[in-house]
Amino acid sequence: MTQVVTIDTADTAKSEKLFERAQKVIPGGVNSPVRALKAVGANPIFMQRGDGAWLYDVDGNAYVDYIGSWGPMILGHRNPRVLESLEETLINGTSFGTPSPGEVELAELITTLMPSIEMVRLVNSGTEATMSATRLARAYTKRDLIIKFDGCYHGHFDSFLVKAGSGLATNSIASSPGVPEELIKLTLSLPYNDLASVEKAFKEHKDKIAAVIVEPIAANCGLILPDEKFLSGLRDLTSKHGALLIFDEVITGFRVALGGAQAKYKIKADLTCLGKIIGGGLPVGAYGGKKEIMELVAPVGQVYQAGTLSGNPLATAAGLAQLRSLIAPNAYEILEQKTKRLSDGLTELIKKAKLSAHIVYTTGMLCLFFHKGEITDFEATQKCDTEKFANLWKALIKKGIYWPPSQFETAFISLEHGKAEIEQTLAAFEESFNHLKD
Ligand SMILES: *Cc1c(COP(=O)(O)O)cnc(C)c1O
């Protein structure tokens, strides 16, 4: 039997102390809201170290890591090849503000692995990538409207902090104060997997839609897989109406397949946004696509976009080492098998415990929804039992499983999640399920 370790809350004294200090000088004590663990009613756990599939907190507790820094750590923590590449680069300095060889190599590798990307510009985050791609799409089409989908996250850029009510653009409301009404009117948020509403929007806003931006697999509201015809339908509709198709592959790029979701579903986007995995754990983003479009970017064209640290040598070194490791034969088959093993195990435990829950998974990502029916759009996710999820999370953390701290976040599996980790995880879930009443 796999042993399940129980962590006492008294064992997190150092985290609690750091949190007290942090709250005085950082809003909410965190530099990104999800880290606060508010959705599960817990206090943040401060990590000291990662190794393989494991995280170690400042109090010395060990956890099997299912957030993987929210996507980048597909090879696990402290991957030797990534560390070595970083060490070799660090010796020469940290930033020059001039071009450096790693940028060319990373751009060449990305364009080779993702054929729809003929040219690519490196930035510092996924948010910068989607923001820049949107500006570029507007400049290229000379149109202003953008279609996004409910529940898809494209970073914290103003234009994307939108939840549309019914009635398309007319009822658009911002999901954050501080976002100007005028800007929000230019973003239409439609239900995911609903081609008819996209068709309707194109009819209503003839020749005004610059682009449709989509997470080809929606991984920021739990995990929602695209219907068979959804992505190809978006491809057809955008082509027909002279709009661009932007794939936000900041999560899916190099996670679900070597060529991202566009390889998995065989769709060519006009522009693609990348981040997370391509930085190997350092801050990186990228946007790229057809040469004809990318050549509008300064200094070739007039669309301004710049960055003091863009293409940073350390970031490109880590990204290159990570991507080169992923070219290894069978990497994605292995990742798929690991994810399936966890999915099958959890599905069986859910049945055994007679819970109203089910698993959605794809290569390297998995979500447990406390919801009976199928999840095909954001609206369905909103009916999940978030209280039950919070209880499950609190039980799991005490057993050394760092599950994503929200019903609306997906779990990330790395190539370092071995048999032992998965067995320990399943044992912890089994015990935790026993305490959840349906
Ligand atoms: C994380 C994420 C972003 C934003 O990336 P940051 O590096 O956090 O700015 C954009 N799009 C998707 C799909 C993401 O998951």
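At roughly what angle do the axes of helix 13 and helix 14 cross? In this predicted model, the axes of helix 13, which spans residues 386-398, and helix 14, which spans residues 419-434, cross at roughly 130° and come within 9 Å. Because angles over 145 degrees count as roughly antiparallel and those from 65 to 115 as roughly perpendicular, helix 13 is described as oblique to helix 14. The crossing in which helix 13 passes helix 14 is right-handed.

Helix 2, made of residues 80-90, packs with helix 10, made of residues 313-326, at an angle of about 150°, and the axes of the two are 8 Å apart. Helix 2 and helix 10 are therefore roughly antiparallel to each other, since an angle over 145 degrees is counted in that way. Their crossing, too, has a hand that can be named, and for helix 2 and helix 10 it is right-handed.

The peptide bond that joins A298 and P299 is cis, with an omega of about 15°.

We can now turn to the ligand and its surroundings. The residues around the ligand are S125, G126, T127, Y153, H154, G155, E215, N220, D248, V250, I251 and K276, and this shell divides into three nonpolar, six polar and three charged residues. From the backbone of G126, a polar atom lies 2.8 Å from an oxygen atom of the ligand, while in N220 it is a polar side-chain atom that lies 3.1 Å from a ligand oxygen. On the side of D248, an N or O atom of the side chain is 2.7 Å from a nitrogen atom of the ligand. Taken on its own, the ligand has 380 Å² of accessible area, and the protein covers 83% of that area.

K276 is placed in the loop between strand 11 (271-274) and strand 12 (285-289), and its phi is near 40°, which is a positive value in a residue other than glycine.

Note on methods:
Residues numbered from 1 in each chain as written. Predicted model: local features only at pLDDT ≥ 70, side-chain atom pairs only at ≥ 80, totals over all residues. Heavy atoms only, no water. Near = heavy atom within 4 Å. Polar contact = N/O pair within 3.5 Å; in protein donor to acceptor, adjacent residues only side chain to side chain. Areas by Shrake-Rupley, 256 points an atom, 1.4 Å probe, with all protein chains shown as cover. Nonpolar A, V, L, I, M, F, W, Y, C, P; charged D, E, K, R; others polar. Axes fitted to C-alpha atoms, helices over the stretch in contact; angles between N-to-C directions. Helix = DSSP H or I, 4+ residues; strand = E, 2+ residues; numbered from the N terminus. Parallel < 35°, antiparallel > 145°, perpendicular 65-115°, else oblique. Left-handed = near helix turned anticlockwise from the far one by under 90°.
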